[in-house]
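Here's a quick tour for anyone meeting this structure for the first time. Have a look at it before reading on.

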Amino acid sequence: MSGSTTGVDFEFSNGDVVQEFGYDDDVDFDIRDDIENTTGEALEDEDYRGLADGVLAWWRADDGDTEDLTDFLVDCTSGLSDGRGVIWLLAPNHLSPENVSAIDINDAASVAGLSVTTSHGLDSGWTAFRITSHGRR
């Protein structure tokens, strides 16, 4: 995503369909706006039943434990065509009481058959984790 206010390239392109999971009033609205401006499409919500090119997912410590996060990540893959496409999981950073450890995110992703390939700390207090199916980088 060129021109991102976050400094992270979320890898979405014009026309991509991005499904969002875990939306609440604490999300980073600049990230949402950047993705919508890049794709030219509104983000689809959790109830969307079509195919998505990627996922924007928000997860906080009070959303559940590692097992719940694993289930959440599996749900995030359900709309991705043939399991392809990237999931960007955003979790509050280490300064937040809602922080989720990178170890827990890696464990949940692994159990779900996914891999965390990179992470980026954002000025907004969120950390973005790029998650793909095994073998995709």
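What follows covers a helix packing and some aromatic pairs.

Keep in mind that this is a predicted model. Let's start with the helices. H2 covers residues 66-77 and H3 covers residues 102-111, and the two pack with their axes 8 Å apart at an angle of about 50 degrees. That makes H2 and H3 oblique to each other, and H2 passes H3 in a right-handed crossing. On the H2 side of the contact you'll find Thr66, Leu69, Thr70 and Leu73, while H3 brings Asp104, Ile105, Asp107, Ala108, Ala109 and Val111.

Now for the rings. Searching the whole structure turns up 5 aromatic pairs, including the two in this table.

| Pair | Arrangement | Centre to centre | Angle between planes |
|---|---|---|---|
| Phenylalanine 10 and tryptophan 88 | edge-to-face | 4.9 Å | 70 degrees |
| Tryptophan 59 and phenylalanine 72 | tilted | 4.8 Å | 45 degrees |

Phenylalanine 10 sits in the segment before strand E1 (18-21) and tryptophan 88 in strand E3 (residues 86-92), so this pair links distant parts of the chain, 78 residues apart. Phenylalanine 10 counts as buried because its relative accessibility is 1%, and tryptophan 88 is buried too, at 0%.

In the other pair, tryptophan 59 lies in the loop between strand E2 (54-58) and H2, and phenylalanine 72 lies in helix H2, so the pair ties together parts 13 residues apart in sequence. Tryptophan 59 is buried, with a relative accessible area of 6%, and phenylalanine 72 counts as buried at 11%. Both belong to one aromatic cluster, formed by Phe21, Trp59 and Phe72.

Definitions and conventions: Residues are numbered from 1 along each chain as its sequence is written. This is a predicted model: local features need pLDDT of at least 70, side-chain atom pairs count only at pLDDT 80 or more; totals for chains, interfaces and linings use all residues. Side-chain values use heavy atoms; hydrogens and water are left out. Axes are lines fitted to C-alpha atoms, for helices over the stretch in contact, and angles run from 0 to 180 degrees between N-to-C directions. Helices (H or I, at least four residues) and strands (E, at least two) are DSSP runs, numbered from the N terminus. Angles under 35 degrees count as roughly parallel, over 145 as roughly antiparallel, 65 to 115 as roughly perpendicular and the rest as oblique. A crossing is left-handed if the near helix is turned anticlockwise from the far one by less than a right angle, and right-handed if clockwise. Contact means heavy atoms within 4.5 Å. Rings of Phe, Tyr and Trp (its six-membered ring) pair if their centres lie within 6.5 Å; planes under 30 degrees apart count as stacked, over 60 as edge-to-face and the rest as tilted. Buried means under 20% relative accessible area, exposed over 50%, partly exposed in between (1.4 Å probe, protein chains only).
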